[in-house]
Amino acid sequence: MSTKTDKIDRLAELTAQTETSTGHSLAYEAFRRLRASKMAVIGACIIAVFVVLAVLGPWIAPYSPTAQAWRGEVLPAQSVFVGPRGENWLGLDHLGRDEFSRMLVGARQTLLVGVVSTLLGFTVGCLIGVGAGAAATLGGRLGRRIDTVVMRFIDMLLALPSLLLAVSVAAVLGQSLTTVMIAVGVVQIPIFARLLRGAMLAQGGSDYVLASQALGVRKRRIVLGHIVPNSLSPVIVQATLSLATAIIEAAALSYLGLGNPDAAVPEWGVMLAQAQRFFDAAPMLAVYPSVGIIITALGFTLLGEAMREALDPKLRS
Amino acid sequence: MLRLVVRRLLQLIPTLLGLSVLLFLWLHKLPGGPAAAMLGERATAADRIRIERALGLDQPLWVQYGRFLKRLGELDLGTSTQTGQPVWEEFVQRFPATVELSVFAMLLAIAVGIPLGYFAARRRGGWLDVSAVSGSLLGICIPVFFLAFILKAIFAVNLGWFPSFGRQTTGLNATEVTGFYVLDGLLTGELDAAWDALVHLVLPAMALASIPLAIIVRMTRASVLEVLGEDYVRTAESKGLHRRVVRGRHVLRNALLPVVTVIGLLTGSLLSGAVLTESVFAFGGIGSFLRTAIDARDYPVLVGFIMFIALAYVVLNLLVDLAYNLIDPRVRVH
């Protein structure tokens, strides 16, 4: 119906096309190609740095992210905003807090929002996907009918612009950090559901499924022990890409005034949204969190795209 | 063709019905329910009870849903709590601005994206290819509203090349015919007004075009690369056909099929980006209206907006499918 679904379906079919010539498993081959890809290495390095910062941030930050500099110290400067200087590498924000420390501590919140929302979309989406996929491959006529109904619903959700879906979820749940995570996560559910179901359908016709059926293996065992493990790689690729969109989408929600209302907790999206108000006086305050968001999103996108390419037999040379 | 149109239109019905159920439930789950949604945040408890009775909210859910559906059918989306005007009228009044911006952004993305993607694929691995690919990756990763802010700061505030907000210089007194200001200027012969509106469009359109541009470049590039490897291209070349003929007729024409689909669907998703871009440039379309509606918890506008966008999205999908049928003979057979 749409390219969004086309793209998902294409990714879903990838694992079904196995190559037997090399004698190695598909995952091994993909990993080998991945290591040789410059994109993947750069992406992985960015992610590694980001994760280290997110974990260690609060300990290596020179100041507390909420400690405010004295007003008397701030005012003598020409503007209210203090730019970069020896003791504050990135200057102070609009409340006199050390921007560098806030960036470091904020990395953790940003990662948390990205990971939790993607996990939510991943888990719920995969549960729906496994159900629909199992019903479609082994459930007989009734199963196929259930699958059709579920997928119609999923396609309907996919048809809505994601930001709009997130805004409506946020409107129901009120303003909080949890809301942002849920809103961003809900958007991902239909993508994961459709992806896993498609991958399972592609696996469903393969010989080993037929063989296990002939051997009398129980259906639950075929689905959970054979089909699902073989269908997971496109889902993992999508999860990596989703982390990037989740971080950007969370920032957009913050900008629309639906972000975390607790200003004491630094998070890049919220910091960016707040800095917009002082853009004329201190544009750099908006630039720092943006650069953080862009580089992080780029890291996940690079790794995800490289993984997709590594899995895609068409792009192999 | 007609049968296809009818079939696709019939397929729309369950989708739209499902959406309306979702929206109805959503409205019920809102803090305070539909009564609060109508009255806004400052309603007293007595007001609420009165309104709930007047609206029939004490009746069974399915009766309420029936009424909700009937109102939707009559395009009655309620009244905006911010302006006191019917939501539908507010939308109709603001829609041209958003359409104008989206169309302009899309044209920009197509005009730059397709040639860029094509030449990047032709010289795979060259500097143009590398910068196009990395540029498009970057384009997807930059938050749209941040890009809008940067563009505004550089080109409007610092350099002063473009206006920083609005659709028209105030006090211009241009005649309004269709609501599309550039078109209006051309229709009435007020060329200065058309130019003025166009200049106002440049920066918001650039910001809005960033994501579609990135996607179009990547799609075109991938698609051209795929087609270049096809046997029929080699055959055409070995037949001794002129290079230009092969490129135009065999490569480009086949490569653009998937790109056309993407373009159609991106147009629908532009509306999301328009919310963010319009509010940065105070553009006065439904995007900036929604932004203020979110701030003011103007639920009738939110519900109306979702239904409106969903409808636009679904109709766009249909049009893309039909267009695809016209372009691609292989699809037509099935």
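Chain A contains 12 helices and 0 strands, where helices (H or I, at least four residues) and strands (E, at least two) are DSSP runs numbered from the N terminus. This is a predicted model, in which local features need pLDDT of at least 70 and side-chain atom pairs count only at pLDDT 80 or more, while totals for chains, interfaces and linings use all residues. Residues are numbered from 1 along each chain as its sequence is written, and chains are lettered from A, with ligands numbered from 1, in the order in which they are written.

Read along the sequence, chain A follows the pattern α-α-α-α-α-α-α-α-α-α-α-α, and chain B, for its part, has 14 helices and 0 strands. The table below gives the buried share of each chain; a residue is buried if 20 or more other C-beta atoms lie within 10 Å of its own, exposed if 12 or fewer, and partly exposed in between, with C-beta atoms placed from the backbone.

| Chain | Residues | Buried share |
|---|---|---|
| chain A | 317 residues | 51% buried |
| chain B | 334 residues | 38% buried |

Contacts can be described by how far apart the partners lie in sequence, two residues being in contact if their C-beta atoms, placed from the backbone, lie within 7 Å. Among contacts in chain A between residues at least 6 apart in sequence, 75% join residues at least 24 apart. In chain B, residues 24 or more positions apart account for 69% of the contacts with a separation of 6 or more.

Two packed helices are described by the angle between their axes and the distance between the axes. Here the axes are lines fitted to C-alpha atoms, for helices over the stretch in contact, and angles run from 0 to 180 degrees between N-to-C directions.

Helix α5 (residues 99-138) and helix α12 (residues 283-311) of chain A have axes that come within 11 Å and cross at roughly 35°. This crossing of α5(A) and α12(A) is right-handed; a crossing is given that name if the near helix is turned clockwise from the far one by less than a right angle, and is left-handed if anticlockwise. From α5(A) the contact uses E99(A), M103(A) and T110(A), and from α12(A) it uses L285(A), Y288(A), P289(A), G292(A) and T296(A). By class, these residues of α5(A) and α12(A) divide into 4 nonpolar, 3 polar and 1 charged, where Ala, Val, Leu, Ile, Met, Phe, Trp, Tyr, Cys and Pro count as nonpolar, Asp, Glu, Lys and Arg as charged, and the others, Gly among them, as polar.

Helix α10 (residues 219-255) and helix α11 (residues 268-275) of chain A pack at an angle of about 40°, with their axes 8 Å apart, and the crossing of α10(A) and α11(A) is right-handed. The residues in contact are A250(A), A251(A), S254(A) and Y255(A) of α10(A) together with W268(A), G269(A), V270(A), L272(A) and A273(A) of α11(A). The contact of α10(A) with α11(A) has 7 nonpolar, 2 polar and no charged residues.

### A bent helix in chain A

Helix α3 (residues 38-60) of chain A bends by about 45° at A54(A), and a proline, P58(A), follows within four residues; the bend at a residue is the angle between axes fitted to the seven residues ending there and the seven starting there. Among the buried residues of α3(A) are M39(A), F50(A) and A54(A). L56(A) is also found in helix α3 of chain A, but L56(A) counts as partly exposed because 13 other C-beta atoms lie within 10 Å.

### Where the chains meet

Between the chains, 36 residues of chain B are in contact with 38 residues of chain A. The elements of chain B that give two or more residues to this side are α1 (2-29), α6 (127-141), α7 (144-158), α11 (243-280), α12 (286-295) and α13 (299-327). The largest share, 8 residues, comes from α11(B), and the residues of the side of chain B that touches chain A divide into 27 nonpolar, 6 polar and 3 charged.

F146(B) is found in helix α7 of chain B, and F146(B) touches L272(A), A286(A) and S290(A), not counting residues up to four places away in sequence. F146(B) is buried because 26 other C-beta atoms lie within 10 Å.
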